[in-house]
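Please read the following report alongside the sequence and the coordinates.

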Amino acid sequence: MVLRSAVDHLFTAATVAVISPTKGPVAVGTTVTVTGAHLDGISAVTFGGAATTGLHVRSATELTVRTPPGAATAQNPGRGVRRPGAGR
């Protein structure tokens with residue numbers, strides 16, 4: 001069960017349309033661009049449960065992050081994108 005914050009209803013859920021690139025080296029630090037909708041309130045992104053670094057929200061429709069170790073393939077687009085207070 002995912003606990004929801006009392007303020008979650010104030011935010012429109014973020015959606016992910018494209019993650020690019022979808023494959024890459026296993027090395028840490030590959031820059032990944034995520035495009036979608038309502039991304040401007042995102043506070044954290046994970047790949048396979050591992051936290052990314054260097055989150056830069058460019059607009060409501062695009063953000064970039066650097067990959068964590070071993071995150072060579074993007075799977076389940078839309079999962080692991082979190083707004084402040086979500087999932088608590």
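## Terms and basis

Two strands are said to pair if DSSP finds at least two bridges between them, and the strands themselves (E, at least two residues) are, like helices (H or I, at least four), DSSP runs numbered from the N terminus. This is a predicted model, in which local features need pLDDT of at least 70 and side-chain atom pairs count only at pLDDT 80 or more, whereas totals for chains, interfaces and linings use all residues. Residues are numbered from 1 along each chain as its sequence is written, and side-chain values use heavy atoms, with hydrogens and water left out.

## The open sheet

Val-18 has Thr-35 in E2 as its bridge partner. E1 and strand E2 (residues 31–37) are paired in the antiparallel sense, over five bridges.

These strands belong to an open sheet of four, ordered E1-E2-E6-E5, with antiparallel pairing. Its edges are strand E1 (15–20) and strand E5 (53–59), each of which pairs on one side only. On average, and with direction ignored, neighbouring strands of this sheet are turned by 20° against each other, where the axes are lines fitted to C-alpha atoms (for helices over the stretch in contact) and angles run from 0 to 180 degrees between N-to-C directions.

Thr-64 is found in strand E6 (residues 62–66) and counts as buried at 8% relative accessibility; buried means under 20% relative accessible area, exposed over 50%, and partly exposed in between, with a 1.4 Å probe and protein chains only. Beyond its neighbours within four places in sequence, Thr-64 is in contact (heavy atoms within 4.5 Å) with residues including Thr-31, Val-32, Gly-54 and Arg-58. Ser-20 is 44 residues from Thr-64 along the chain, and their C-alpha atoms are separated by 9.5 Å.

Ala-51, part of strand E4 (residues 50–51), is exposed, with a relative accessible area of 53%. Apart from neighbours within four places in sequence, Ala-51 is in contact with Val-45, Thr-46 and Pro-68. Between Ala-51 and Arg-66 the C-alpha to C-alpha distance is 9.4 Å, with 15 residues of separation in sequence.

## The salt bridge

Side chains of opposite charge can pair when their charged atoms come close. A salt bridge is counted when a side-chain nitrogen of Lys or Arg is within 4 Å of a carboxyl oxygen of Asp or Glu, and a search of the whole structure finds one. Its partners are Glu-62 and Arg-58, whose closest N and O atoms are 3.8 Å apart. Glu-62 is partly exposed, at 27% relative accessible area, while Arg-58 is exposed, at 51%.
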